[in-house]
Amino acid sequence: MTMGDESPVVSMTLPGLIHPILDKLSKKDMTAAQTLRVAFSKVEAMHPGFTHDLVTSVLTRADVPVNMNENMLRLEGNHSSPDFLVNRSEVAFKELNYRSATLKKILSRIPDEINDRKAFLETIKEIASAIKKLLDAINNIFLYVPNQQGKQIVETRKREFVKYSKRFSNTLKDYFREGQANAVYLSANCLINHTNLIMTTIKQRCE
């Protein structure tokens with residue numbers, strides 16, 4: 001499954017849910033946390049979606065009704081994974097890290113504000129501004145991306161991000177006509193996934 005497609009929470013479960021838990025565990029037992037982190041990463045690499053299936057299976061057996069789209073979106077505001085931050089000292093990369101984290105944090109507020117029309121409209125404006133500022137930040141790091149092939153890969157990821165930004169905008173229009181909140185949560189998670197994907201791509205090319 002490609003990040004951002006049919007079920008974005010599948011690829012969000014490990015970094016968005018499990019990694020923050022392991023971060024807390026590392027304060028008590030660093031070795032155990034690291035062992036579990038490596039194990040989860042290996043299994044997820046071999047069997048994409050394993051972590052999501054594990055979590056949903058546990059919730060199902062416990063008979064706990066959970067809207068994964070809504071709850072994974074909420075969780076994005078509670079942490080900033082180093083997996084999606086570029087470890088470079090230049091101002092352009094610091095700005096990039098800040099803008100990507102800011103966008104995800106604003107998107108994570110949607111479940112709490114979607115039923116308050118005035119607050120939600122203000123949040124939509126903030127999201128639009130945050131998307132523009134992130135795109136500007138992405139454009140500013142092309143100077144640091146080595147070789148033409150690397151630049152082309154980043155450009156492709158940027159175009160994908162723009163596509164899902166437009167799709168999110170269209171989903172919002174549909175929401176105000178039809179009132180399907182879960183579709184907004186899903187689309188917001190897709191946008192977060194593509195934010196993570198472009199950050200991972202830049203990280204791989206520039207660190």
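Which residues in α7 meet which residues in α8? This is a predicted model, by the way. From α7, the list is R117, F120, L121, I124, I127, I131, L134, L135, I138 and N139. From α8, we have K158, F161, V162, S165, F168, L172, Y175 and F176. Sorted by class, that contact has 14 nonpolar residues, 2 polar and 2 charged.

Now the geometry. Two packed helices are described by an angle between their axes and a distance between those axes. Helix α7 covers residues 117-139, and helix α8 covers residues 148-178. Their axes come within 11 Å and cross at roughly 170°. The cut-off for roughly antiparallel is over 145 degrees. So α7 and α8 are roughly antiparallel to each other.

Next pair. Helix α2 spans residues 30-46, and helix α3 spans residues 50-61. They pack at an angle of about 105°, with axes 8 Å apart. Roughly perpendicular runs from 65 to 115 degrees. That angle therefore makes α2 roughly perpendicular to α3. Who makes the contact? On the α2 side, F40, V43 and E44. On the α3 side, F50, T51 and L54.

How many cavities of 30 Å³ or more does a search of the whole structure find? The search finds 1. The largest cavity holds about 30 Å³ of space. Its lining consists of M12, P15, G16, E76, H79, F84 and N196. Helix α1, residues 9-26, gives the most to that lining, with 3 residues. By class, the lining of the largest cavity has 3 nonpolar residues, 3 polar and 1 charged.

Last, confidence. The mean pLDDT of the protein is 88. Of its residues, 97% reach 70 or more. Where is the pLDDT below 50? Over residues 1-6. That stretch still has 15 contacts in the model beyond near neighbours in sequence. Where pLDDT is low, predicted coordinates should not be read in detail.

That's my tour. Over to you.

Terms used
Residues are numbered from 1 along each chain as its sequence is written. This is a predicted model: local features need pLDDT of at least 70, side-chain atom pairs count only at pLDDT 80 or more; totals for chains, interfaces and linings use all residues. Side-chain values use heavy atoms; hydrogens and water are left out. Axes are lines fitted to C-alpha atoms, for helices over the stretch in contact, and angles run from 0 to 180 degrees between N-to-C directions. Helices (H or I, at least four residues) and strands (E, at least two) are DSSP runs, numbered from the N terminus. Angles under 35 degrees count as roughly parallel, over 145 as roughly antiparallel, 65 to 115 as roughly perpendicular and the rest as oblique. Contact means heavy atoms within 4.5 Å. On a 1 Å grid over the protein atoms alone, a cavity is a set of points where a 1.4 Å probe fits but cannot get out, and a pocket is an open set with protein on both sides within 12 Å along at least five of seven lines; lining residues have an atom within 4 Å of a point. Grid points are joined across faces, edges and corners, and a volume is the space filled by probe spheres set on the points. Ala, Val, Leu, Ile, Met, Phe, Trp, Tyr, Cys and Pro count as nonpolar, Asp, Glu, Lys and Arg as charged, and the others, Gly among them, as polar. pLDDT is the predictor's confidence in each residue, from 0 to 100.
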